[in-house]
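Q: Please look over the model below. Which features should be read first?

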Amino acid sequence: MAEGKVKVGVIGSQFQAEIHAASFQMMPHEAEVVAIASPTPGNAAALAKRFGIPRVFTDYREMLKERDIEMVTIAAPNSLTRRWPKTSPLPANHRLRKTSGHDHCRRRRDDLRREQHGVLLMYGEELFFTPKYLKAKEMADAGAFGKIYLVKQSEKHFGPHSAWFWDVNRSGGGALMTSAVTASPFVTFFLGRSPI
């Protein structure tokens, strides 16, 4: 990655994409959204106009061909996000073929391959970086609370923000899969990544 601003491409054009675009604008010296991709007619163009994003794509694969994009943020329905990391911008000759075996093993193998090529794939969870939670974790690690047996985490929001959330085939499994993805990693982080 070059010095200076990180060049960002956004996949998606609705509620979460707007949050991502606005968030990047809050840190103009660190990052700049240079492209947005969405297959929904007019959505990407409207968001690009609102946030001054110079390039618009209707196919995310075309956006990923842009040589200056260093980071991609995915802000799309759950049913679509799983396939996109497999098309991360790796050289074609390094792409792995699908083989038999457990899906999670293939995903981990693919993650390791991305690491070898300098591609970092991560879930953007802000709880791990929130000062109050980091302080609580520091205190727990120092023994301030004794042995931790139970950790609870909850959150609320005024959504759902899109109709797809109510479609079980597109949302990814209901509240456990759409909301617990925030709590579960935080709880394991707080417990020192101990097995559940």
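This is a predicted model: local features need pLDDT of at least 70, side-chain atom pairs count only at pLDDT 80 or more; totals for chains, interfaces and linings use all residues.

A: E66 has a relative accessibility of 26%. Buried would need under 20%, and exposed over 50%. E66 therefore counts as partly exposed.

Q: Which residue forms a salt bridge with E66, with the closest N and O atoms 2.6 Å apart?
A: Side chains of opposite charge can pair when their charged atoms come close. Here the closest N and O atoms are 2.6 Å apart, inside the 4 Å cut-off. The partner of E66 is R55.

Q: How many residues apart are R55 and E66 in the chain?
A: R55 sits in strand β3, residues 55–57. E66 lies in the loop between α3 (60–64) and β4 (71–74). The pair links distant parts of the chain, and the separation is eleven residues.

Q: Is R55 buried, partly exposed or exposed?
A: The relative accessibility of R55 is 22%. The limit for buried is under 20%, and exposed starts over 50%. R55 therefore counts as partly exposed.

Q: Which helices does the salt bridge between E18 and R50 link?
A: The closest N and O atoms of E18 and R50 are 2.4 Å apart. The two residues are 32 apart in the chain, so the bridge joins distant parts of it. E18 belongs to residues 15–25 and R50 to residues 43–51, which are helices α1 and α2.

Q: Where do D141 and K137 lie?
A: Their side chains meet in a salt bridge of 2.9 Å, N to O. The two residues are four apart, about one turn of the helix. Both lie in residues 131–141, helix α6.

Q: Which element gives the most residues to the largest nonpolar core?
A: This core has 15 residues, and V8, V10, V33, I36 and I53 touch the most other members. β1 (6–11), α1, β2 (31–37) and α2 each supply at least two residues.

Q: How many residues make up the second, separate core?
A: Its members include A35, A37, F57 and Y60. A35 is also among the contacts of V8, beyond the neighbours of V8 within four places in sequence. The second core has nine residues.

Q: In what order do the elements run from the N terminus?
A: The protein has nine helices and four strands. Among contacts between residues at least 6 apart in sequence, 61% join residues at least 24 apart. From the N terminus the order is β-α-β-α-β-α-β-α-α-α-α-α-α.

Methods. Residues are numbered from 1 along each chain as its sequence is written. Side-chain values use heavy atoms; hydrogens and water are left out. Contact means heavy atoms within 4.5 Å. Buried means under 20% relative accessible area, exposed over 50%, partly exposed in between (1.4 Å probe, protein chains only). A nonpolar core is a set of buried Ala, Val, Leu, Ile, Met, Phe, Trp, Tyr and Cys residues joined through side-chain atoms within 4.5 Å.
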